[in-house]
Protein chains: 2
Amino acid sequence: MDGSAGEIQTAIDILKQRFGDRLTTNQTIRDRHGTDESYHAPKAPDAVVFPQTTDDVIEIVNICREHRTPIIPFGVGTSLEGHIAALQGGVCIDLGQMNAVLSVNAEDLDVTVEPGVTRKQLNEYLRDTGLFFPIDPGADATIGGMTATRASGTNAVRYGTMRENVLSLGVVTPDGRYIRTGKRARKSSAGYDLTRLFVGSEGTLGVIVDVTLRLYGIPESISSAVCTYPTVDDAVNTTILTIQSGVPIARIELVDEVQMRALNNFSDLGYAERPTLFFEFHGTEAGVAEQIESVRAISDEFGGADFSWASRPEERSKLWQARHDAHYANMQLRPGAKAWPTDVCVPISRLAECIAETRKDIEEAGLLAPIVGHVGDGNFHVDMVLDPDDAEEVGRAVALNNRLVARALEMDGTCTGEHGVGHGKVGKMRAEHGDALDVMRAIKLSIDPLNLMNPGKVVPL
Amino acid sequence: MDGSAGEIQTAIDILKQRFGDRLTTNQTIRDRHGTDESYHAPKAPDAVVFPQTTDDVIEIVNICREHRTPIIPFGVGTSLEGHIAALQGGVCIDLGQMNAVLSVNAEDLDVTVEPGVTRKQLNEYLRDTGLFFPIDPGADATIGGMTATRASGTNAVRYGTMRENVLSLGVVTPDGRYIRTGKRARKSSAGYDLTRLFVGSEGTLGVIVDVTLRLYGIPESISSAVCTYPTVDDAVNTTILTIQSGVPIARIELVDEVQMRALNNFSDLGYAERPTLFFEFHGTEAGVAEQIESVRAISDEFGGADFSWASRPEERSKLWQARHDAHYANMQLRPGAKAWPTDVCVPISRLAECIAETRKDIEEAGLLAPIVGHVGDGNFHVDMVLDPDDAEEVGRAVALNNRLVARALEMDGTCTGEHGVGHGKVGKMRAEHGDALDVMRAIKLSIDPLNLMNPGKVVPL
């Protein structure tokens, strides 16, 4: 325990009385709740509590606040920048038991869910409605967690990120009140945009307890393909021209040759180990045919090989599951190693240059670091595969990450396109935001004056 | 002057010394700057100052703050809820001389402009690039004003509102610092979404001094059409089914028979005075043809007449200019009258019912109040044409507006889809937001602790 350990213990004692078996101080469970899928040092909370209702959450927040106890909201633990590490101890609120789909409004193309619903669970639930929720950060994350980190993923180039797809939120604020940040209307000019403020706030402003999302009709036609290129530059330039041409492509993903080797090993794919784009096209039959024709013409200009098609749903699923497994595949490239996934996002006109310089940098640093990217958005990931016990190698990775972020900022890009800040990138916030960080700080303290909500994340205080 | 008149006068004296002819206390100019296109009582500021640079704005903000003088940012004065009325006196900052296009990044599909650039000026500037900026609130508003009110308009159903189309902002904060709310990357997870916080903040959190916007390629094919329906219900149901079918329509606008009469009178159109939809389709040749086929089939189900096409650019311009002139046309329906435009937005499943009940309500209230709507978004306008000197009639209008807002809220809609809050709807904010309004209030005071930025708007203090 940290800070006023006595106060935290008092809060836990009171919570234990109230929640019984739904509060645990079991070390294994605590450890799991302080450990995400990032490279960064985990830190277990002092206790984990499992609310089942919004009223439970209000009660937990009130007890913790009265006893100055940090609160860390938790979805399923797939974050990538140490978002859930209990840096100052405190109580983890595991929202996994709040996992009901509350209402589907098919006519309005929206759905309201509890935060513990995962994206796969949601799409399974929606299967008979002809609707789907497109945001897919790879892992089967919870909707609450995806909202809190402003997640995106492969479909963002067509459908936007959580920023565009959360219609409104129910939030328990640090003072223990339930607020709703907006209505179900598709647009509003009625006051400050609290929805977008809480999307991406990483649990530092309150606990998300329900989420209303936009839904989309399942496209009449879906086609996926894979195509290899002579160089990464060619693949990136194919992407840039596709976006600039206004083709409404649903997915366009870069996998470099190192990453392709890892995917082949992990998923037994048998693809050529060359720079590759994974495509997906959504639309009417005729619309998809038209999109494919446009993209093929562009691809040909940059030496793209023949498109290898995955037409049947199960083939498509295999292809995208392989793509989503990149991080897990990389860890198997070097047994005993640990992967450090980092991401940046730049204006698309700078993307080819940014990736080329980064690859040169990786080579010079002598690191194993496959690159994958949601390149249609200008967003790419570098997954550094390290021996965590080799201080010298870790030092080279730290330096590489620093240069990567500095390069992205210099190109008017951002230090993270979709992974978020957590505590892994909290030190980059001043460089990215300058004085705007003081405005974030003022907002944080106006809503959470005691700094109890996920302290140490997003905004350095 | 209001409040501490002496302090305001001191600020004006210092500003006069610094800005010379670029500060005026001329009554005519002051009156114009306190008067928008709304029904609500205007209130002139004590002075109007015309900055030419961000440094000018910083200086003005610092001088006003030191002397506790309210600041009202001003674009071109086309707001519709009294946004620019100097309720507590103070200094109006007219940003009209900051009207340069700063940089066009055609490859990234974005542009950065000063706040005084108007939407028509911007599109004129972009003409040779093959790109355009789609948001059109009707009036030739400034980009700064459109950002501040979270404007939208006819194209929002396809392209989104200012919420979706502002990439980042430069803002002078009440403490006199210039901040940038984001980078030019298409997405980011790096901290609180200050861009979306300032979009729609109506000058209550700072002065917007530059705006980076998304641009779009001019579609290969554009077709506009007009179609009449037996009843408003039929027109609205055509809209609902079009949206639910996922047709990517660019514009779908309802004009009721009373509004059509006003448009015919004002613009000499000669259209049938029946419930009407104005359509626009954007896409490839084949895509537009496909969209039209889908919408025609839906329209036929609801008794739509033949589509009347406007194919040539000048015909299209005439059609949409007529639509945009609705508010001006209505004022001519009843000479000497004043129009009170109000708007709400509801989930589309409730739209037909909401409009039907509103029309019944208008009839029972005995008011002249045409309805137009961006119905694809669930958003519609009631333009009440009144004798402002007839207290009894004004009372009926107040009651109608109250019932309209209450009905929208009851349907999980919002008290304003695009006009904003100003001081006209500040009294509706508690009903809409409940305790969330206290979060807005905390944010306002954390950024503007002296409540000098456009006081009396958005958040009741």
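Two strands are taken to pair if DSSP finds at least two bridges between them. Helices (H or I, at least four residues) and strands (E, at least two) are DSSP runs, numbered from the N terminus. The model shown is predicted: local features need pLDDT of at least 70, side-chain atom pairs count only at pLDDT 80 or more, and totals for chains, interfaces and linings use all residues. Residues are numbered from 1 along each chain as its sequence is written, while chains are lettered from A and ligands numbered from 1 in the order in which they are written.

**View 1. The five-stranded sheet of chain A.** An open sheet of chain A holds five strands in the order S5-S6-S10-S8-S9, with antiparallel pairing. Strand S5 (101-105) and strand S9 (178-180) stand at its edges with a single partner strand each, so one side of each has no neighbour in the sheet. Direction ignored, neighbouring strands are turned by 15° against each other on average. Four bridges pair S5(A) with strand S6 (residues 110-113) of chain A in the antiparallel sense. A:Asn105 stands opposite A:Asp110 in S6(A). Helix H3 (residues 54-66) of chain A lies across strand S8 (166-172), S9 and strand S10 (207-214) of chain A, and runs at about 50° to S8(A). Here and below, angles run from 0 to 180 degrees between N-to-C directions, and axes are lines fitted to C-alpha atoms, for helices over the stretch in contact.

**View 2. The seven-stranded sheet of chain A.** A further open sheet of chain A has seven strands in the order S15-S12-S14-S13-S17-S18-S16, and its pairing is antiparallel. Strand S15 (308-310) and strand S16 (338-345) of chain A are the edge strands, each pairing on one side only. Strand S17 (residues 371-374) and strand S18 (residues 379-386) of chain A run antiparallel and are joined by four bridges. The bridge partner of A:Val372 in S18(A) is A:His381. Helix H9 (residues 232-244) of chain A packs on the sheet, where H9 touches strand S13 (251-255) and strand S14 (276-283) and its direction makes about 165° with that of S13(A). Helix H12 (residues 313-324) of chain A also packs on the sheet, touching strand S12 (221-228), S13, S14 and S15; the direction of H12 makes about 50° with that of S12(A). Residues are in contact if their C-beta atoms, placed from the backbone, lie within 7 Å.

**View 3. Helices H14 and H15 of chain A.** Helix H14 (residues 351-365) and helix H15 (residues 391-410) of chain A pack at an angle of about 165°, and their axes are 11 Å apart. H14(A) and H15(A) are therefore roughly antiparallel, a term for angles over 145 degrees; those under 35 count as roughly parallel, 65 to 115 as roughly perpendicular and the rest as oblique. H14(A) passes H15(A) in a right-handed crossing: the near helix is turned clockwise from the far one by less than a right angle. Among the residues in this contact are A:Cys354 and A:Ile362 of H14(A), and A:Leu400 and A:Arg407 of H15(A). By class, the contact has six nonpolar, one polar and five charged residues. Ala, Val, Leu, Ile, Met, Phe, Trp, Tyr, Cys and Pro count as nonpolar, Asp, Glu, Lys and Arg as charged, and the others, Gly among them, as polar.

**View 4. Helices H1 and H3 of chain B.** Helix H1 (residues 5-19) and helix H3 (residues 54-66) of chain B pack at an angle of about 155°, with axes 9 Å apart. This angle makes H1(B) roughly antiparallel to H3(B). The crossing of H1(B) past H3(B) is right-handed. B:Ala11, B:Ile14, B:Leu15 and B:Arg18 of H1(B) meet B:Glu59, B:Ile60, B:Ile63 and B:Cys64 of H3(B). Six of the contact residues are nonpolar, none polar and two charged.

**View 5. The contact of chain B with chain A.** The same surface serves both copies, as 99% of the contact residues of chain B recur in chain A. Chain B gives 72 residues to the contact and chain A gives 71 residues. On the side of chain B, the largest share, eight residues, comes from H17(B). That side divides into 25 nonpolar, 28 polar and 19 charged residues.

Technical notes:
Contact = placed C-beta atoms within 7 Å.
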